[in-house]
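Look over the sequence and the model first, then read the points below.

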Amino acid sequence: MAESNSKDSTTGAIDKYNVEAAEILANSVLHLPVTQSAPVYEQLLSVFPTAAKYWKQYVEAHMAVNNDDATRQIFSRCLLNCLQVPLWYSFPFPLLL
């Protein structure tokens, strides 16, 4: 019978590819300051680089504090790797000007 948590029952190692655990982690940082949430998003995106939801949450965290440089940088990283239309629509195109 498979365990429902994110630990491997034989080694005790955390399964970094556990999607359910990643979702919980992403939701837990939604209301944290961007300085605290950024490392978590970087960790999530290193494992799930095509997860549009995590990219969107990450960029929205920077947009909420009007950090235009970080917003541009994150979008430049994600748009070529994650071709999701909703993600493209969320980009504030006036920042390109």
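In this predicted model, the axes of helix 2 and helix 3 approach within 10 Å and cross at roughly 160°. An angle over 145 degrees counts as roughly antiparallel, so helix 2 and helix 3 are roughly antiparallel to each other. The crossing of helix 2 past helix 3 is left-handed.

**Where helix 2 meets helix 3**

- Helix 2 contributes Val 34, Ser 37, Ala 38, Tyr 41, Glu 42, Leu 44 and Leu 45 to the meeting with helix 3.
- On the helix 3 side, the residues are Tyr 54, Trp 55, Gln 57, Tyr 58, Ala 61 and His 62.
- Apart from neighbours within four places in sequence, Tyr 58 contacts Ala 38, Tyr 41, Glu 42, Leu 45, Ile 74 and Arg 77.

**The largest nonpolar core**

- The largest nonpolar core has 21 residues, and those touching the most other members are Leu 44, Phe 48, Tyr 54, Trp 55 and Tyr 58.
- Two or more residues of this core come from each of helix 1 (19-28), helix 2 (34-47), helix 3 (52-64) and helix 4 (68-78).
- Helix 2 gives the most to this core, namely six residues.

**Aromatic pairs**

- Two aromatic pairs turn up in a search of the whole structure.
- One of them joins Phe 48 and Tyr 54 edge-to-face, at 6.2 Å centre to centre and with 65° between the planes.
- Phe 48 has a relative accessible area of 18% and is buried.
- Tyr 54 is also buried, at 3% relative accessibility.

Definitions and conventions:
Residues are numbered from 1 along each chain as its sequence is written. This is a predicted model: local features need pLDDT of at least 70, side-chain atom pairs count only at pLDDT 80 or more; totals for chains, interfaces and linings use all residues. Side-chain values use heavy atoms; hydrogens and water are left out. Rings of Phe, Tyr and Trp (its six-membered ring) pair if their centres lie within 6.5 Å; planes under 30 degrees apart count as stacked, over 60 as edge-to-face and the rest as tilted. Buried means under 20% relative accessible area, exposed over 50%, partly exposed in between (1.4 Å probe, protein chains only). A nonpolar core is a set of buried Ala, Val, Leu, Ile, Met, Phe, Trp, Tyr and Cys residues joined through side-chain atoms within 4.5 Å. Helices (H or I, at least four residues) and strands (E, at least two) are DSSP runs, numbered from the N terminus. Contact means heavy atoms within 4.5 Å. Axes are lines fitted to C-alpha atoms, for helices over the stretch in contact, and angles run from 0 to 180 degrees between N-to-C directions. Angles under 35 degrees count as roughly parallel, over 145 as roughly antiparallel, 65 to 115 as roughly perpendicular and the rest as oblique. A crossing is left-handed if the near helix is turned anticlockwise from the far one by less than a right angle, and right-handed if clockwise.
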